[in-house]
Number of protein chains: 4
Amino acid sequence: MQLGMVGLGRMGNYMVQRLMRGGHECVVYDARPESVAELAGLGATGSASLEEFVSKLTHPRAIWLMLPAAIVDKVLASLVPLLQNGDIVIDGGNSYYHDDIRRGAELISKGIHYVDVGTSGGVFGLERGYCLMIGGEKGTVQHLSPIFAALAPGAGTTEASPNRTAEAVAASTAEQGYLHCGPHGAGHFVKMVHNGIEYGLMAAYAEGLNILKHANIGAASHVADAETAPLAHPEHFQYDFNLQDVSEVWRRGSVITSWLLDLTADALHADPALSKYAGRVSDSGEGRWTIMAAIDESVPTPVLSAALYGRFSSRDNDEFANKVLSAMRAGFGGHVEKPAPKS
Amino acid sequence: MQLGMVGLGRMGNYMVQRLMRGGHECVVYDARPESVAELAGLGATGSASLEEFVSKLTHPRAIWLMLPAAIVDKVLASLVPLLQNGDIVIDGGNSYYHDDIRRGAELISKGIHYVDVGTSGGVFGLERGYCLMIGGEKGTVQHLSPIFAALAPGAGTTEASPNRTAEAVAASTAEQGYLHCGPHGAGHFVKMVHNGIEYGLMAAYAEGLNILKHANIGAASHVADAETAPLAHPEHFQYDFNLQDVSEVWRRGSVITSWLLDLTADALHADPALSKYAGRVSDSGEGRWTIMAAIDESVPTPVLSAALYGRFSSRDNDEFANKVLSAMRAGFGGHVEKPAPKS
Amino acid sequence: MQLGMVGLGRMGNYMVQRLMRGGHECVVYDARPESVAELAGLGATGSASLEEFVSKLTHPRAIWLMLPAAIVDKVLASLVPLLQNGDIVIDGGNSYYHDDIRRGAELISKGIHYVDVGTSGGVFGLERGYCLMIGGEKGTVQHLSPIFAALAPGAGTTEASPNRTAEAVAASTAEQGYLHCGPHGAGHFVKMVHNGIEYGLMAAYAEGLNILKHANIGAASHVADAETAPLAHPEHFQYDFNLQDVSEVWRRGSVITSWLLDLTADALHADPALSKYAGRVSDSGEGRWTIMAAIDESVPTPVLSAALYGRFSSRDNDEFANKVLSAMRAGFGGHVEKPAPKS
Amino acid sequence: MQLGMVGLGRMGNYMVQRLMRGGHECVVYDARPESVAELAGLGATGSASLEEFVSKLTHPRAIWLMLPAAIVDKVLASLVPLLQNGDIVIDGGNSYYHDDIRRGAELISKGIHYVDVGTSGGVFGLERGYCLMIGGEKGTVQHLSPIFAALAPGAGTTEASPNRTAEAVAASTAEQGYLHCGPHGAGHFVKMVHNGIEYGLMAAYAEGLNILKHANIGAASHVADAETAPLAHPEHFQYDFNLQDVSEVWRRGSVITSWLLDLTADALHADPALSKYAGRVSDSGEGRWTIMAAIDESVPTPVLSAALYGRFSSRDNDEFANKVLSAMRAGFGGHVEKPAPKS
């Protein structure tokens, strides 16, 4: 079927390519003409403006937005007046599900259908397929199922779950890699939690590897002053682990095998010191929203929160708090801060 | 080659079976004669006592202990006097690496070689192979490599890491699923951290699923009193997610695919309410030791710690602390505890 | 001066009493006539309806609401139509500062001034005075200063800070125990963070006392199975601490002296087992809002979050997450949950 | 009575001064002759060597060590051979209670009594008195009570707990500010937990003040890219709080009044930006040991751990973990690290 794509960054570009491989017709638009041109060269129908884009789509239109969350409303403000009763707008980016609920209600009052799709898979999605978590009206979601099926990995790519019943298999498309999760916002809610989990998983590996990295601390000389906790047993920390090999062996038969571990091992193979990274870790919204939803629900999320806060601290947002601590220590104990060791 | 196995619980039993499938000869012992008999029926050489067990092994003996960490020293006290110069003892259980360092030194003074092996794979290891993390002397570990190779999954079972160089592949056995990590204790150190990570991964999924589980909290009526935090936007929490489908779709193409997710999805397929579990979660040592090692190293592990503490709290070990909190609230605000809702 | 008080629960009642002791005239209203009658008996002017309440106040009226956060908007909807240009509404409860920003703007468009006051002090405030954190327009706040001064503890009650300059003392009323913190919402923002800190402080004491409570764990027999982490050194945990005495001694000269410690010690004196508490700890909003504000600011708050989550878990909101963990453990290791010990 | 003091750093020096004010006779030794000379000038009996120090003390000697934990054993190795049956050694520093248990047993076998004293009070102890938590044999502790009473604040300095019974008051010295907590190690165990709590309290204030510090984040322009979480409501973060005034007002009548808050407010009065601190926060042992003890006891301590880890991260020990996170993000999403903003 025909799909219009607005936003041709890496994600939008790859999704269009995957859709065209699946036999679908794509009309594309991006504010950067070179992004349009690239996909036009691969067979998509390009357009130089939102107006042209809309005009090239057949009613009822299906328009997929693949944009940073912060600009979706701005694009919608330009796009919606161009649409007709029965058209469908899909937000496939990382919008906050609160916005989906609001937009879904606003658009339906104008006769436009709104679908929110949480999309996971990253730059590997082109080949591996995308995991799609979908919110919206049932009929609209079903109407779009050829698109979802083409973007998703498909059933054969992962081993079936032994306990999954035939009834369950028949009742949903989960095994194809896309799922209608519920009404407006449900797709981004599930994707939000997915990303919250992702933060936690990533931090678990990162903390563990950091422990291995420092396992030779007993070999270094240890200062004996009142500002430094003594290391009682330096003989327990004399290991020089090869993190490339450790992460590689964990990929085979262990309980912690995962795609994130595959990526981690491969990054360590490329550079065991990860020296091109400074360790300033961004977060793009979903991790925070996950915690806020959990708090609204009174659900404890110590692991997911710790993962989020680690990112905040990696960007030095704990600096003033740490100064307060040093000031207190100076106050009650006369403690003077130790400078950073010479590196 | 020949291997003696002491401790024929689920893990020991399966490992013997896998070794025999690999063409190795196994002599087995367990305090429970029926466990010995079961494996004897499958082709192992049974023994009725440690003495008989040792006598049936050819010098230099290779003896694998697969025992709860708490009883390894007791068994070693009986076993070691029966051994000869050059024999090898392998601890494949979940011992604390501190004990490996101590035991390795004690045994080498008696001419006995000691190897510590962290073993991951659980009940699936028989078919899937075990991920083996090994500590000990290089020559001894190399001598045992046929055993390790038979237990491990083998190279073909997992896709190669694109960035892993041929030199790296040639230099270690990581791709076969077993790895000599370093001197005494190194195997259990790496396994300890593996399990620490495992706790973190598990908790990340569990917390995320718990958020989804409570996503319909807005549908319930909400008490308006000074003891209850108001839910400002009940319209944001009206979702009845199907956790079976969600966990299933995440298995396909998402960033959070993993073996633990496979198991979680399958558990939910078997029973979406997980009603046969009370939610009292055990921990068997490695998670704790991971945190202690991290603290000795001054490495922050907020995620792995939170995962561990969640288990402690699941067993109500936070009870007195919570009573202290309620007592303080009564003290400064006259707050009275709200009883648990009728279920 | 004259003040009208709506909401005569414990907090409102005591504040009226303290104001009358300070020579102020109070007009009071509450939906429960007996609450009105009690204060009328102490010299306040009672009223049987909001209409009567408003009619008894002199223009420009100063009306203090002391209500659960969840019902403030409802009361405002009835009250505001009765007011005149120039009247002042003060929300002294625990409202979310978002609501203050909204209400402040709404009311100013009707000629009504809005002031938000975060009030700390609890049931001891009647004697000890209340710490008041105030948001609103400068002129309005200054107009109300006699009220704030009467409610606050006053300058002499706490030792002066040695480093506080005379200029700083002259420039604010902080030393009197009340402070104009900024525009609308500033008072409840500061109170919100105050309560967030309070949660953290409380949890720190509670966790520490819980460690002392379990310091004799080495005296109990310890199970040696694969589901139980071994206690390597039971000789390190043979202490039967008297928590009454410990909390009492900490009140004298230690770094951790505080009013919360005073309350904790006294609660332990009343009952060292705290047996009248079940350990289900409520949270009333500010702790959550603190975390949400921190996340919006990208500020890490691991301690304050952990304190909040401890309360969620105390009310068993971690139950499904824990079941997921047990299900995973059953999945990969065949682990069976251990039942709770007989108590 | 007579007391010998070894270790005349800030703590040892002040304790000697306070003891002399209380009428006690002090013999002092330190490896730095100038430290000895200073106290000799104030009336203490100086000594130039451990031998001279011991010779100037009357049998049975009472010798107080006030040394960094890491060198106590070294000093004991020199000191103990000079002692006689019935002499008493007191470790008043911050030793690990495990060491107390070991030392207590070793010394008693030589006829020497060992007492461990956890000492809180910092540089203010000279005037304010020290809170003393004591472990050891009952008779020895009672013999030393004049010393403890002189060092402690004394009963009148803090208001009595209303619920503390006369029996409880009579049964212990807690109200004087010193307490015999139990056998060897009990004093340092209680002090260890005291410091663990201290870390938590400090972090709670620091996190809260950091939230206030960033409360004007909405006034700054906010980047709209896929690497930056959008700030949905900048209007909620427009506050420029005066942290000097806020911390000052909290000292009066609020629930969070404490000595640590007094110190914090005063540090902010001296310099609201705390610009002389870099925010690298040391930890000196007790915080770590607290967590390790809690883990051995299976007691959850999320708040105290988070406080400890914040210190580790303040010293950049999370760096490699953060690099792993950035490497993963690059792997699955092609995300490029954003550099630190220009300051």
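How many disulfides does a search of the whole structure find over all chains? Let's work through this and two more exercises together.

This is a predicted model, where local features need pLDDT of at least 70, side-chain atom pairs count only at pLDDT 80 or more, and totals for chains, interfaces and linings use all residues. Residues are numbered from 1 along each chain, chains are lettered from A, and side-chain values use heavy atoms, without hydrogens and water.

**Exercise 1. Count the disulfides.**

Step 1: a disulfide is a pair of cysteine sulfur atoms within 2.5 Å.
Step 2: the search over all chains finds zero.

**Exercise 2. Find how chain B is related to chain A.**

**Exercise 3. Describe the contact of chain B and chain A.**

Step 1: contact means heavy atoms within 4.5 Å, and each side is counted: 91 residues from chain B and 91 residues from chain A.
Step 2: 100% of the interface residues of chain B are also interface residues in chain A, so the copies meet through the same surface.
Step 3: look for salt bridges (a side-chain nitrogen of Lys or Arg within 4 Å of a carboxyl oxygen of Asp or Glu). The rule finds two across this interface. Arg164(A) and Asp245(B) form a salt bridge at 2.8 Å, N to O.
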